[in-house]
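Welcome! Open your viewer, get your selection tool ready, and let's walk through this structure one stop at a time.

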Amino acid sequence: MITVLCGGVGAARLLGLLQREVSSFEYTAIVNVADDLVLHGVTICPDLDTVTYTLAGLNNEVTGWGLVDETWRVNQELAKLGGEAWFQLGDRDMATHLFRTQRLSEGATKTEVAAELAARLGVTIPILPASNEPVSTYLETDIGELSFQEYFVKHRHAVPVSKISFRGVEVATATTEVLSALKKSEKILIAPSNPLLSIAPVLAIAGITEVLEQRRDSIAAISPLIGGRALKGPADHLMTELGFESSAFGVAAYYGNLVGHWFIDEVDYAQAARIEELGATVTVLPTIMTEPLSGAALAKGIAAWLN
Ligand code: GDP
Ligand code: CA
């Protein structure tokens, strides 16, 4: 069994690739919950939904989030009413949030709801929220403190950030499912997700880093930065704003001793030696998963490390 630490899109692509091309292993996804929010009274879990929809083959390739064949009538009406229409919720997608909110109000945990949604959408990979307790990302920016979605969606991650905090993380605990998956897995992968916004809030939950620290040699990560740039989202400029190098090396230095092996993109081959100096081994290969040939090469490289 292989466990994958996940944010949203970067992780969903990796899991999809592994499910298709390295199917000789069983995977478990541990997913960030710090992007979650309550809006219009409904609980929305963007990273859990991105991973679930992608593995179900239902993800919207046009928007890069949400469900395929989406319509927006509810959101259009909300806009007319002067409601919080800046966070676009599709009509089909809304059913997921309504289902989740109802189940949570009946006393189900986020873990139980994630499993129910996955099962009903035909996803076989266990999708585990990192915690059942609320953890919420807040960012200190040039225009004041913003919640994660205010930063990411309302301000299109275009405002400089000076600090990131995860509210609730001091009291949140990893679920028993998460800790048991981490302990049972032969190897652990850290997806090419945003290190500061997607993976950091998973690592910050009590119990998770403690398990990982015991097993550096069985942990590998795929760099989300290629040629110093993120394929999507703010990972690159956030690294710089928070004092890290915006590069594969910068991400490796940020994770430090946690990661024993790195998969970095071929354009970053010159950084392999610097990453090795951190005490990790490195595979240099194509890492862009949206390009079939490149994705196949990455899958092959990961399969070699897993075997
Ligand atoms: P979000 O929660 O949806 O913002 O997504 P994540 O945190 O999972 O991932 C965002 C990161 O995924 C960005 O830094 C991207 O560069 C990275 N990413 C997305 N697709 C790919 C890919 O095909 N290859 C690699 N190496 N990174 C990717
Ligand atoms: Ca996310």
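## The largest pocket and beyond

Start by selecting α1 (9-21), α2 (46-55), α4 (91-105), α6 (148-154) and α8 (195-203): each of them gives at least two residues to the lining of the largest pocket. Keep in mind as you look around that this is a predicted model. The volume of this largest pocket is about 1100 Å³. Now show V9, G64, W65, F152 and K232, which are the closest to its centre among the 47 residues that line it. Colour the lining by class and you will find 22 nonpolar, 17 polar and eight charged residues.

Next, move to the second largest pocket, with a volume of about 390 Å³. Its lining has 19 residues, and A12, R13, T54, N59 and E61 lie nearest the centre. Which elements give two or more residues to this lining? They are α1 and α2, and α1 gives the most, with seven residues. By class, this lining holds six nonpolar, nine polar and four charged residues.

Now switch to the strands. Seven of them form an open sheet with parallel pairing, in the order β5-β2-β1-β9-β10-β13-β14. Select β5 (127-129) and β14 (281-285) at the edges: each has a single partner strand, so one side of each is left without a neighbour in the sheet. From one strand to the next, the twist averages 20 degrees.

Zoom in on β10 (residues 219-222) and β13 (residues 261-265), a parallel pair joined over three bridges. Here I222 stands opposite F263 in β13.

For the last stop, select helix α7 (residues 176-184), which lies across β1 (2-6), β2 (27-31), β5 and β9 (187-190) and runs at about 125 degrees to β5.

Definitions and conventions. Residues numbered from 1 in each chain as written. Chains lettered and ligands numbered in written order. Predicted model: local features only at pLDDT ≥ 70, side-chain atom pairs only at ≥ 80, totals over all residues. Heavy atoms only, no water. Pairing = 2+ DSSP bridges. Helix = DSSP H or I, 4+ residues; strand = E, 2+ residues; numbered from the N terminus. Axes fitted to C-alpha atoms, helices over the stretch in contact; angles between N-to-C directions. Contact = heavy atoms within 4.5 Å. 1 Å grid on protein atoms, 1.4 Å probe; cavity = no way out; pocket = protein on both sides within 12 Å on 5 of 7 lines; lining within 4 Å. Points joined across faces, edges and corners; volume = space filled by probe spheres on them. Nonpolar A, V, L, I, M, F, W, Y, C, P; charged D, E, K, R; others polar.
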